[in-house]
Amino acid sequence: MNTNVDSSDLPIEFSKVNIDTDNHAILRQVSLVIGAGAPTVFIGPNGSGKTTLLRAAMGLVTASSGQITWGQAIESPPLRRAIVFQRPVMLRRSVLGNLHYALASAEVPRRERQRRAMELLSLVDLEGLGDRPARRLSSGEQQRLAIARALARKPRLLFLDEPTASLDPAATKGIEELVRSVSASGVKVVMATHDLGEARRLAGDIVLLHRGTIVERAAVDQFFSAPATKEAQAFLAGELLF
Amino acid sequence: MPDNTSAFHLLLTADPTLFSIVGLSLAVSVTAAVLASFIGMPLGALVALTRFRGRVFVIVVMNALMGLPPVIVGLAVYLSLSRSGPLGSWGLLFTPSAMVIAQTILVTPIIAALTRQTIEDLWLEYRDEFAAMDIGALQRISTLLWDGRFSLVTALLAGFGRAAAEVGAIIIVGGNIEGFTRTMTTAIALETSKGNLPLAVGLGVILMGIVVLVSGLAWGLRRAGERFAG
């Protein structure tokens, strides 16, 4: 087991990964290398395997066959990786309580937690809401708190599963700005979305998934200006992929 | 205590007999509910968080035991504690301790089943975040217990309410001995059959008051839980 905190989890390499649940194939023969740089964005219709791919990259789902490695290591505890789920669950505590919990789980010494928690609050623009019960926040605020909680781990890698799926445009803009600044600070962001506009605004490279397989992988400009596959052309044209 | 006094009079004059009965009732039922929590909460949490063969069976039995008839528990405890029973040498039959034992048995399944449900629901909700934050087993359990605290206190109150209201078990194992094992429920049963209605009504009013208070407390806690913990 790799316990060296400073070793990099990058690149994440999937080689011929299959993931099944209950005899149902979710991902098929996925080979993918995720390296440093601008955000990698997974797009594709619902049920195409984006979430499972994110969870596998985080290390929460094990491959049924094939291999996933983080910086060449087969097993890597998620010390410097963090994930924000599509519907993040707020602990039944205050906003600050949630941050303290995440900081404690990341083994931040007790005396530093309050200072770090306040920094995180201001980073995600939730100052003044520290004492509010987390589950009473709006969904945009909960999403921002979830990102703050993920950042409490000082991740090198941040996975985001449809972070703006149920948010209004103003809240979406806030999240996108946050993602951009996190990415600019050197954190590798890997994100799933089915919002093409968002993918175009944030991505460095795009991975298009369809029925559990990767149909196209390209740099963002190339993907949007000259999609190579029939599926990508159809998806960009707004046709429904089944 | 003269038989012709009214229930009101007994209450207003803080009649010592009345209050010793109320005091014993509370002491027995509170002790039983607390003991049952010590047994039932870890048991419920354990069943909620582990997977083993026959788990569904255990859950079904636990839920069924919530409706355990008090007289059956009383009879079983009576047989165990009676002179010729396996635990007869303890000499506990017809003592408050025997009543605590019977009520603990009665209430443990209620607290265990409610705890199991609370912890399992929370676990299903939290498990992804636990995995993402790499939380260890002990920390997971303490988080679930803490975040479920309002529901767990409600479970304890439900157990107490059940214990305070039952008569079947304690009348068998306690024997309703005046000044020693007489509680509100056993006294109401006795005084009613004797025709001493003022005392029965006085005790009934107090018992109802306690039941209303406890359920009000449970409701208030739930509200507080929603407000402070969401």
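The crossing of helix 5 of chain B and helix 6 of chain B is right-handed, a term used when the near helix is turned clockwise from the far one by less than a right angle. This is a predicted model, in which local features need pLDDT of at least 70, side-chain atom pairs count only at pLDDT 80 or more, and totals for chains, interfaces and linings use all residues. Residues are numbered from 1 along each chain as its sequence is written, with chains lettered from A and ligands numbered from 1 in the order in which they are written.

Helices here are DSSP runs (H or I, at least four residues), numbered from the N terminus. The axes of helix 5 (residues 96–133) and helix 6 (residues 137–147) of chain B come within 10 Å and cross at roughly 130°. Axes are lines fitted to C-alpha atoms over the stretch in contact, and angles run from 0 to 180 degrees between N-to-C directions.

Let us turn to the chain contact. Residues are in contact if their C-beta atoms, placed from the backbone, lie within 7 Å. On that basis, 13 residues of chain B are in contact with 18 residues of chain A. Helix 5 of chain B gives the largest share of chain B's side, 7 residues.

Finally, within chain A, Leu158(A) touches Val182(A) and Val187(A), among others, not counting residues up to four places away in sequence.

Methods. Helices (H or I, at least four residues) and strands (E, at least two) are DSSP runs, numbered from the N terminus. Two residues are in contact if their C-beta atoms, placed from the backbone, lie within 7 Å.
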